[in-house]
Amino acid sequence: MIKNKQGVDRRLFMKGVGATTLFGALGSTKAIAGGLGQTSSMSMSYDLNEEYNRVGFNNFKWDAINAQYAPFKVEIPMGVADMDFRTMPQITAALKERFDHENWGYESPPSDYLDNIIAWNKERYNQVVPKGTIQNCLGVLDGVASILRAFGKPGDKIIMQTPGYSSFFMVMDAEHMHTAQNEMKLVNGRYEIDFDDLEKHIADGARQLILCNPHNPTGNCWTADEMRKMGDICNKNDVLVIADEIHCDFVNNHTKYVPYASLGEEYAMNSITLKSTSKSFNLASFRTAYMFSDNTEYMKKVVDAGHLRFLMNITGTVAANAAYKDGAGYMDDMRSYIDGNSKYLEKTLAEKIPLMKYKVHEGTYLTWIDCNALIDLLGAKKKAADETAYNIENKVMVTDFFGVKSIKHVDTGDWLQTWFVEHAGVNINAGEHYGKGGAGFMRMNLGTTRKKLVKALENIEKAINEI
Ligand SMILES: Cc1ncc(COP(=O)(O)O)c(C=O)c1O
């Protein structure tokens, strides 16, 4: 069960996030150092302000992006959705303990693994996870793919709200399915679901919907009312709701996460929820996630369709288990830290970089920034179109993740992404990659130290002032 919630982790809190709490949105490096100074006599074993080196370990966020843009240097990468912090010490300790036992024959996950999944969700969100239905996944996308396959067939249309998480498109492609893009409406700075458009996609034959809650990239934490309205439409039309709630542990202070399956029996019975410690505790490379549903028939259907993941890489479940067992205080601190980063970003953009517009978001550590004014100032649309025309004429090729070559098409967002790297040493992601409604926006990842965020924004401000 979850331990240490108020014990060791609360002491650790002070070193990592005391600064955030004490100095709120001030965010200057000096203020953070000052905050730490006040608490430095305490016994602490993590520090969210620590500058932890990630360069040289084959990671996507730092190493791959620098290789991609060489000879330009990406000083602050803020693209790939992982975090730059040193891992929570209890996770490392649990792994070390397992490594001390030098035999790696077949073995089950830790005996309290499922109980800790259940306790985490119950204690933090009052969500009841039915133990017997929990299935392991090799990442959340692995689970999503298995569900799509179990409940559908090649050629099916799958609904997702856009702008939406780019890799959902990849999974649908891999399953030879089509994305039914339910483009959202931006109303007073917050994205809203277009329910009429949703019904059109259903009328057009879509029978599965991927709900992302909290939503990547817009940062929405869907309210109970919004999800009920969506869920009622789905339930009435036999549309399965696949609730990807991987980001649920990141919610900014002014709002809250409502688990989709907690809305009521009819919603729980027509959905499968997926979660993981991979975002919350930055354990993505362990490829360990889980899914569950109140509907045992649904889970049986997924397993019967070939989702056989009873045995997992033991290190992944050891790490995830330690995270859920010991991580409540750490997670609270992390949430406050990201909340502080969000406020710092909002304040700095408003005061110093008004060409980039952002209002503190609700959930995830990802932010979705309106860059339309900057695009206009730079003439980015025309420059991207000219570059694409040149690439077509001169057969300038690009090789994708799977080694497939194609003519290098440059979206406005791609052009702007390159501009940020070349002029500010900062990598943020182009909005076009998130589907309909994404153009004009860039996604910035705040899962990093305040110091790096401060530096990134200083670099961007300078680059823009030099235009
Ligand atoms: C909404 C969402 N789902 C799934 C994933 C990927 O999860 P995994 O690596 O566990 O497959 C991400 C990663 O960014 C994500 O943002």
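This is a predicted model: local features need pLDDT of at least 70, side-chain atom pairs count only at pLDDT 80 or more; totals for chains, interfaces and linings use all residues.

Residues are numbered from 1 along each chain as its sequence is written.

**Ligand shell**
- Among the 13 residues around the ligand, those that come nearest are Ala81, Gly139, Val140, Leu141 and Asn216, where a residue is near if its C-beta atom, placed from the backbone, lies within 6 Å of the molecule.
- The shell consists of eight nonpolar, four polar and one charged residue, with Ala, Val, Leu, Ile, Met, Phe, Trp, Tyr, Cys and Pro counted as nonpolar, Asp, Glu, Lys and Arg as charged, and the others, Gly among them, as polar.

**Threonine 179**
- Threonine 179 lies in strand β4 (residues 178–183), strands being DSSP runs of E with at least two residues and helices runs of H or I with at least four, numbered from the N terminus.
- Threonine 179 counts as buried because it has 21 C-beta neighbours inside 10 Å, the cut-off for buried being 20 or more other C-beta atoms within 10 Å of its own, with 12 or fewer for exposed and partly exposed in between, all C-beta atoms being placed from the backbone.

**Helices α8 and α9**
- The axes of α8 (residues 195–203) and α9 (residues 224–236) cross at roughly 20° and come within 11 Å, the axes being lines fitted to C-alpha atoms, for helices over the stretch in contact, with angles from 0 to 180 degrees between N-to-C directions.
- α8 and α9 are therefore roughly parallel to each other, a term for angles under 35 degrees, whereas those over 145 count as roughly antiparallel, 65 to 115 as roughly perpendicular and the rest as oblique.
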